[in-house]
Amino acid sequence: MHRRPGLSVRLKLTLSYAGFLAVAGALLLAVVWVFLLRYVPDSPKGLLGVSPNRYLLVRVFAPAAAVAMVFLLVFGLVGGWILAGRMLAPLTRITDAARTAGNASLSHRIRMEGRQDEFRELSDAFDSMLEQLESHVAEQRRFAANASHELRTPLAISQTLLDVARRDPTRDQDELLARLQAVNTRAIDLTEALLLLSRSDRGTFTRESVDLSLVAEEAAETLLPLAEQRGITLDVTGGAARAGGSAELLLRMMTNLVQNAIVHNLPAGGTVTVHTEAQGDASVVRVENTGHPLPPELVPTLTEPFQRGTQRARTDEHAGVGLGLALVHSIVRAHDGTLDLVPRPAGGLLVTVRLPGMP
């Protein structure tokens with residue numbers, strides 16, 4: 001936005017310093033006049049016949065006072081200019097860093113030295129903001145690249161199937177349609193997951209009181225056939241735990257957690273336990289499952305979009321699109337909650353979700 005030119009901050013500070021010094025000098029001279037010269041007798045003999053009278057003192061004092069005022073004014077301007085420059089030097093560094101960041105260079109850091117003053121706090125806060133912004137931009141770029149790759153895969157498969165059908169009209173049409181339907185369903189699921197992830201990241205939803213125990217029961221009832229098919233025992237325990245948020249998003253969060261616990265479990269004889277409870281001002285959900293031991297270095301990557309560890313990748317109909325726990329993390333963050341993932345020593349994962357509670 002264009003603004004009219006005006007005095008710089010440095011010049012304003014310089015004039016302020018010089019003006020303050022001039023006023024202080026004038027007050028000092030006024031004090032000398034009021035409390036000294038006014039008591040000097042104005043007589044030819046002076047004070048006790050040895051001191052000069054007031055007229056002579058005024059003639060001597062006035063020029064010296066004028067010279068002193070001019071000196072104070074010049075000293076105030078020069079000294080104020082230098083002092084203002086030194087005081088504003090850190091602000092100049094912060095401004096240069098802001099211009100650099102505005103040119104899409106987020107790797108620059110100020111790293112101001114010196115004592116912990118207001119400029120140092122501003123510099124550290126700016127560096128922290130740049131670091132978070134750089135991390136967020138890098139994450140968004142990775143997400144866009146991964147999303148493009150994931151969306152391109154089913155489209156490429158569909159194109160290949162159509163090319164094969166065009167070259168071979170005698171090919172079984174039912175098989176072709178079934179494979180196209182499976183690929184199309186996967187693309188639709190991925191698109192819906194991306195839209196839901198974007199919605200939860202923006203936090204644009206209506207908040208209402210939701211009982212997480214009822215949400216857990218609904219999710220468990222929906223996924224019970226899948227658990228029985230895989231020989232997994234699914235239990236829901238605990239009591240009422242009310243949280244404020246979107247019932248649709250919280251149901252999707254719970255469904256993803258339970259489905260993830262069922263799919264990434266033992267081949268048979270595994271268990272999944274969903275527990276809900278209220279702890280003070282928080283509502284807690286714990287989803288615990290059996291399974292193969294997870295490498296510790298794999299756990300922090302589970303909530304990243306499209307990240308599938310080598311021991312988590314599947315090729316069956318429940319392979320997913322790599323957004324299960326990423327969606328959970330996004331929904332929890334949009335509800336001002338926390339998500340903790342802890343690998344169980346015997347194998348499997350313990351997922352704990354804490355959300356702000358509601359009466």
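Let's start with a word we'll need: a residue is buried if its relative accessible area is under 20%, exposed if that area is over 50%, and partly exposed in between, using a 1.4 Å probe and counting protein chains only. Helices (H or I, at least four residues) and strands (E, at least two) are DSSP runs, numbered from the N terminus. With that in hand, look at helix 7, which is mostly covered: eight of its 11 residues are buried. The buried ones are Leu 325, Ala 326, Leu 327, Val 328, Ser 330, Ile 331, Val 332 and Ala 334. After helix 7 comes Asp 336, with a positive phi near 60°.

A quick note on what you're looking at: this is a predicted model, where local features need pLDDT of at least 70, side-chain atom pairs count only at pLDDT 80 or more, and totals for chains, interfaces and linings use all residues. Residues are numbered from 1 along each chain as its sequence is written, and side-chain values use heavy atoms, with hydrogens and water left out.

Now step back to the whole chain. The protein chain has seven helices and seven strands, and along the sequence they follow the pattern α-α-α-α-β-α-β-β-α-β-β-α-β-β. Of its 359 residues, 33% count as buried. Contact here means heavy atoms within 4.5 Å. Among contacts between residues at least 6 apart in sequence, 69% join residues at least 24 apart.

Five strands make an open sheet in the order 2-4-5-7-6, with mixed pairing. Its edge strands are strand 2 (233-238) and strand 6 (338-343), each pairing on one side only. Two strands pair if DSSP finds at least two bridges between them. Neighbouring strands of this sheet are turned by 15° against each other on average, direction ignored. Strand 2 runs parallel to strand 4 (residues 271-279), and six bridges join the two. Follow Thr 237 across and you'll find its bridge partner in strand 4, His 275. Helix 7 (residues 324-334) turns up again here: it packs on the sheet, touching strand 6 and strand 7 (349-356), and its direction makes about 145° with that of strand 6. For such angles, axes are lines fitted to C-alpha atoms, for helices over the stretch in contact, and the angles run from 0 to 180 degrees between N-to-C directions.

Where does Gly 270 lie? Gly 270 is in the loop between helix 6 (247-263) and strand 4. With a relative accessible area of 1%, Gly 270 is buried. Leaving out residues up to four places away in sequence, Gly 270 touches Gly 231, Ile 232, Thr 233, Asn 265 and Thr 290. Thr 290 is 20 residues away from Gly 270 in sequence, while their C-alpha atoms are 5.6 Å apart in space.

Back among the helices, Ser 123 sits in helix 3 (residues 118-167). Ser 123 counts as buried because its relative accessibility is 0%. Its contacts, not counting residues up to four places away in sequence, are Ile 94, Ile 110, Arg 111 and Met 112.

Val 74 is partly exposed, since its relative accessible area is 47%.
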